[in-house]
Amino acid sequence: MGLPRTLRPDLCLVAVLAFVPSLRAQAPPKADLLPPVSVEVVRLDVVVTDKGGHPKAGLAREDFAVLEDGQPQRLVQFEAYARPVAAPPPAAASSPSPPAQTGQAIGPRPPRFVALAVDDVHVELGSMVRVQKALTRFIDEDLGPGDRVALVTTSGTQGASQEFTSDRGLLRRAISRLSAKDRRAEWVNVPRITEYQAELIERGDPDALWLAEMDLMCDHAGDPVELEARQKARAVLSEAVDNARLTLETLERLSRGLAGLPGRKLIFLLSDGFLTGLSAPGGAGFDIRRVIDASTRAGVVIYSLETPGLNTAPGRSASEKTFPDPVTVDVKFMIERKSEEAALQAMHALAADTGGFLFDNSNDLHAGLKRTLEDTESYYVLAYEPTNTKRDGAYRRIEVRLPNQRNLKVRARTGYFASGDRRASPPIVAEKQTRGGPGSTGTALAPLPVQLSADFVSVDRGVTELVVSGHVDTTTLAFVRDGDRYKAALEMATVVRDETGTVVATEPERLSMDMTDAEHERLSREGLPYQKTVTLKRGTYDVRLTAGASGALGVASQRVEVPDLAPGRLTLSSLFLLKAGAGAEAAEPGADLVLSQAVRRFRRDESLFVQLYAYNAKRDSSGATSLVSQAEVLRGGAVLATAAPEPVVTGERDGPPVPHVSRIGLGSFEPGEYELQVTVTDRNANEAATRQVEFTVD
């Protein structure tokens with residue numbers, strides 16, 4: 001079987017937009033807009049644990065009470081999710097066998113997105129080594145098959161980041177590029193005035209000022225030192241505030257950026273700790289409630305992990321040039337002890353007020369990462385429409401209670417800024433949306449949900465390409481009603497950057513849609529597919545897909561690796577998932593298959609087809625290859641079904657590569673998230689290569 005037509009760039013728009021009769025490069029005429037109607041809904045991820053810290057399952061909607069500013073709120077949504085129980089793998093069969101019963105979860109776990117936020121602004125060199133080791137082990141040992149992980153740094157260092165991916169190799173390389181960023185000015189360290197001590201001096205603490213004066217007098221005895229001590233303290237505090245702002249603004253932007261993603265959205269903050277500097281002169285300190293507001297609107301939970309490890313007693317920093325003075329040692333000890341506690345207050349508040357927790361006072365950072373991930377597997381989702389509809393920009397405080405339950409602990413987000421405050425994004429992220437009618441009044445358009453899959457393939461020898469598959473949910477797109485037609489314009493663009501951040505490819509495109517009512521309904525129901533093919537040489541790339549229309553913007557991004565296809569090592573293309581086209585019989589030979597890559601969702605009555613290419617197969621003395629492919633379906637890390645091995649045909653030595661296609665029936669699989677893993681073994685070379693891809697059964 002050849003490459004499906006929807007993988008060919010010259011035919012992709014014709015294939016996926018065939019039901020739209022008129023796609024013209026012209027702006028739509030001015031007319032009344034029909035925006036979606038939005039009702040603000042606050043969505044809460046709630047974790048309930050017993051006295052031992054174990055998740056409490058089995059609670060019902062009636063067990064919960066939600067209050068906003070002390071006023072009871074009516075729940076409009078309730079869902080419960082529990083950790084799935086893995087099943088043992090079954091024996092191999094000629095086709096995938098049905099999954100074994102694995103113990104009923106309260107609900108299938110939604111996709112999980114974990115953003116690893118490494119606070120390299122506040123992580124010292126020794127801590128960074130510990131962070132890299134723990135993160136590498138976490139990536140290798142603890143991630144589930146459906147987990148997507150991203151790596152960000154608070155310094156924003158180019159190259160030390162990774163977009164959401166399930167590719168462990170990409171994540172390991174990003175982790176290896178991490179480094180500590182010492183942003184403190186050297187002159188403030190001789191003599192040493194800590195950030196917390198500087199904050200105490202700014203507050204008027206006499207002991208903190210006396211300690212700074214004594215240190216200065218040891219450095220240049222006899223000179224007046226109070227003014228110099230205050231000046232240096234203010235410089236240290238100003239620097240601390242700037243650094244804290246970098247960290248907190250990164251968390252705020254990151255939280256808001258996760259708003260368009262489905263499922264469980266998590267930020268793991270790894271830091272030595274920092275001060276917010278709320279006592280800084282001129283109100284320069286960062287209001288941490290901005291991050292809480294962003295997390296509530298985006299449905300994000302933050303977990304904080306202290307990176308220095310156990311510290312039984314305050315000691316001298318490696319950067320400290322002076323030795324303790326017996327006269328000042330007691331005061332110094334007290335201030336440094338309180339400094340350690342103060343540095344964790346912001347991390348504790350970020351976690352506690354978003355539904356997470358702080359992991360501290362431990363040398364086993366990996367254990368903290370593992371425990372944190374496990375904590376995210378069992379939870380409840382509550383949603384309510386606030387009874388207070390004033391758009392006054394005030395901070396609304398949320399409290400979740402279990403009035404009829406004892407000895408249980410509840411963790412959930414604790415507040416948000418009402419609309420009208422400049423610091424808050426206009427819409428609550430969790431929204432109930434209906435299509436606007438002729439009498440609808442204008443409201444701010446919601447973001448355009450965009451999904452992306454960037455995949456490697458080579459269909460011509462020596463030419464490596466990325467197939468960029470996208471999907472735009474058009475239910476939030478404003479259309480112009482012109483008689484019996486629906487019109488809208490959409491700007492699409494694919495931008496590819498290499499590891500240095502240099503743009504190596506851009507693919508802009510404008511789509512003008514002119515549809516009947518039936519076509520508009522179908523577009524709203526099925527969304528808009530998108531596909532481009534970009535030729536690239538080997539390397540690692542960041543791929544970004546944007547969709548914009550009338551003030552709305554959707555963005556999706558992914559990091560992907562184009563491997564070296566030089567002869568010598570077995571290499572596989574990405575796995576491409578396909579389904580039978582409309583009206584085609586899945587079992588028919590040569591059935592018309594349609595790519596289903598950006599939205600990998602399949603009905604149980606459909607067949608899933610997986611296509612791949614194998615490169616660099618070793619040939620024996622007669623010139624023959626001997627490749628065998630085997631597919632496995634996993635869920636929660638457990639193998640549920642294994643297909644019988646299939647021979648893989650590679651084609652002639654100098655001819656084009658030949659695709660290998662396998663068919664998997666889904667009728668025996670329960671609805672939920674799965675991972676498909678395909679391993680190709682080269683018997684001539686005694687080596688194997690594996691590719692994985694996630695998919696959903698509805």
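Two strands count as paired if DSSP finds at least two bridges between them. Strands themselves are DSSP runs of E with at least two residues, while helices are runs of H or I with at least four, and both are numbered from the N terminus. With that in hand, take the hairpin of strand 19 and strand 20: two residues sit between the strands, and G462 takes a positive phi near 85°.

A quick word on what you're looking at. This is a predicted model, where local features need pLDDT of at least 70 and side-chain atom pairs count only at pLDDT 80 or more, though totals for chains, interfaces and linings use all residues. Residues are numbered from 1 along each chain as its sequence is written, and side-chain values use heavy atoms, with hydrogens and water left out.

Strand 19 (residues 450–460) and strand 20 run antiparallel, joined by nine bridges. Look along the pair and you'll find S453 opposite S469 of strand 20. Strand 20 has another partner to check out: with strand 24 (residues 528–535), strand 20 pairs in the antiparallel sense over eight bridges. There, V472 has L528 of strand 24 as its bridge partner. Is strand 20 (residues 463–472) buried or exposed? Nine of its 10 residues are buried, so strand 20 is largely enclosed by the rest of the structure. Buried here means under 20% relative accessible area, exposed means over 50%, and partly exposed is in between (1.4 Å probe, protein chains only).

Now zoom out. The protein has 10 helices and 38 strands, and 51% of its 698 residues count as buried. Take the contacts between residues at least 6 apart in sequence: 76% of them join residues at least 24 apart. Contact means heavy atoms within 4.5 Å.

Two residues show what such pairings look like up close. S662 is in strand 36 (residues 660–665) and counts as buried, at 8% relative accessibility. Its C-alpha atom is 6.6 Å from that of Q611, although S662 and Q611 are 51 residues apart along the chain. Setting aside neighbours within four places in sequence, S662 touches L608, F609, V610 and E646. A689, in strand 38 (residues 687–697), is buried too, with 12% relative accessibility. A689 and T571 are 118 residues apart in sequence, yet 6.4 Å apart C-alpha to C-alpha. Again leaving out neighbours within four places, the contacts of A689 are L570, L572, V678, T679 and V680.

Next, find the open sheet of six strands, with mixed pairing and the order 10-9-8-11-12-13. Strand 10 (162–165) and strand 13 (358–359) are at the edges with a single partner strand each, so one side of each has no neighbour in the sheet. Strand 8 (residues 112–118) and strand 11 (residues 264–271) are parallel partners over seven bridges, and R112 has R264 of strand 11 as its bridge partner. Helix 2 (residues 125–141) packs on this sheet, touching strand 8, strand 9 (147–153) and strand 11, and its direction makes about 165° with that of strand 8. Helix 8 (residues 329–352) lies across strand 11, strand 12 (300–306) and strand 13, at about 150° to strand 12. These angles run from 0 to 180 degrees between N-to-C directions, and the axes are lines fitted to C-alpha atoms, for helices over the stretch in contact.

Helices also pack on each other. Helix 4 (residues 195–203) and helix 6 (residues 226–257) meet at an angle of about 120°, with axes 8 Å apart. The contact involves E195, A198, E199, I201 and E202 of helix 4, and R230, A233, R234, V236, L237 and A240 of helix 6. Those residues divide into six nonpolar, no polar and five charged. In this scheme Ala, Val, Leu, Ile, Met, Phe, Trp, Tyr, Cys and Pro are nonpolar, Asp, Glu, Lys and Arg are charged, and the others, Gly among them, are polar.

Finally, a couple of loops. Most residues other than glycine have a negative phi. D69, however, has a positive phi near 50°; look for D69 in the loop between strand 5 (65–68) and strand 6 (71–73), where it is partly exposed at 40% relative accessibility. N361 also has a positive phi, near 55°. N361 lies in the loop between strand 13 and helix 9 (365–375), and is exposed, with a relative accessible area of 51%.
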